[in-house]
Amino acid sequence: MEEQAPDQAREPYGASRLAHHARELAKGQQLARAGARDARRARHGLLLSRLTANERVLRDVRDLLLEVSARGIDVTPAGAWLLDAYFLVVEHGREIRANMPQGYYQQLPKLVAGPYRGFPRIYAIALELIAHTEGQLDSQNMELMIREYQRVEPLTLGELWAWPVMLRI
């Protein structure tokens with residue numbers, strides 16, 4: 001992966017830098033052997049447990065915002081957004097669980113080294129995209145990331161199918 005100076009770490013990538021990062025990411029990732037299943041099951045549980053923990057935090061924050069709002073205290077625009085869109089967040093969690101059953105998840109190529117060791121390669125790509133665009137996802141940067149990654153290393157059809165799910169996670 002590309003090294004960054006500390007002052008550049010916070011700046012979102014533009015299209016050319018994101019494309020370069022995707023190609024470098026593809027060059028640097030190593031996949032686990034197809035038969036290595038023990039870590040796969042553990043990581044599936046980890047992804048779902050993270051999802052559950054995040055949902056719990058969001059529910060607690062929503063409850064706090066509702067309580068504060070009921071007392072007549074103004075909430076921030078981000079808090080108001082969460083109150084308005086909370087049902088969408090909950091629905092995303094349901095969709096993730098429905099679209100990523102453990103059997104399917106186990107078929108996704110997993111990384112053998114690095115910070116995402118044992119996780120699906122497509123999950124790591126999604127996290128990299130989110131990190132380097134400050135979460136500002138649009139069709140152009142999502143397509144760019146996948147296209148440029150595949151210039152170096154092809155993704156499986158299953159990974160391409162899992163891409164939207166991994167972005168939601």
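Mentor: We shall go through the helices, the charged pairs, the core and one lysine in turn. This is a predicted model, in which local features need pLDDT of at least 70 and side-chain atom pairs count only at pLDDT 80 or more, while totals for chains, interfaces and linings use all residues. Residues are numbered from 1 along each chain as its sequence is written, and side-chain values use heavy atoms, with hydrogens and water left out.

Trainee: How many helices and strands are in the chain?

Mentor: Helices (H or I, at least four residues) and strands (E, at least two) are DSSP runs, numbered from the N terminus. Here the chain has seven helices and zero strands.

Trainee: What share of the 169 residues is buried?

Mentor: A residue is called buried when its relative accessible area is under 20%, exposed when it is over 50%, and partly exposed in between (1.4 Å probe, protein chains only). In this chain, buried residues make up 33% of the 169 residues. Helix α5 (121–132) is mostly covered, since nine of its 12 residues are buried, among them Ile122, Ile125 and Leu129.

Trainee: Are Arg23 and Glu148 buried or exposed?

Mentor: Glu148 is buried, at 6% relative accessible area, whereas Arg23 counts as partly exposed at 26%. Glu148 also forms a salt bridge with Arg147 (3.5 Å, N to O), and Arg147 counts as partly exposed at 36% relative accessibility. A further salt bridge joins Glu148 to Arg151, with the closest N and O atoms 2.8 Å apart. These two residues, Glu148 and Arg151, both lie in helix α6, three residues apart, which is about one turn of the helix. Arg151 counts as exposed, at 57% relative accessibility. Through shared partners, salt bridges join Arg23, Glu143, Arg147, Glu148 and Arg151 into one network.

Trainee: Which residues have the most contacts inside the largest nonpolar core?

Mentor: A nonpolar core is a set of buried Ala, Val, Leu, Ile, Met, Phe, Trp, Tyr and Cys residues joined through side-chain atoms within 4.5 Å. The largest one here has 32 residues, and those with the most contacts inside it are Met100, Leu108, Ile122, Ile125, Met145, Trp163 and Met166. The elements that give two or more residues to this core are α1, α2 (38–70), α4 (102–107), α5, α6 and α7, and α5 gives the most, with six residues.

Trainee: What is Trp163 in contact with?

Mentor: Contact means heavy atoms within 4.5 Å. Leaving aside its neighbours within four places in sequence, Trp163 is in contact with Ile122, Ile125, Ala126, Leu129, Met142, Met145 and Ile146. The buried residues of α6, in turn, pack against α1, α5 and α7 (157–168).

Trainee: Where is Lys110 found, and which side chain of opposite charge is nearest to it?

Mentor: For charge, Lys and Arg count as positive and Asp and Glu as negative, while His and the chain ends are not counted. Lys110 is found in the loop between α4 and α5. Lys110 is buried yet has no salt bridge, and the nearest side chain of opposite charge, Glu159, is 8.4 Å away.

Terms used
Salt bridge = Lys/Arg side-chain N within 4 Å of Asp/Glu carboxyl O.
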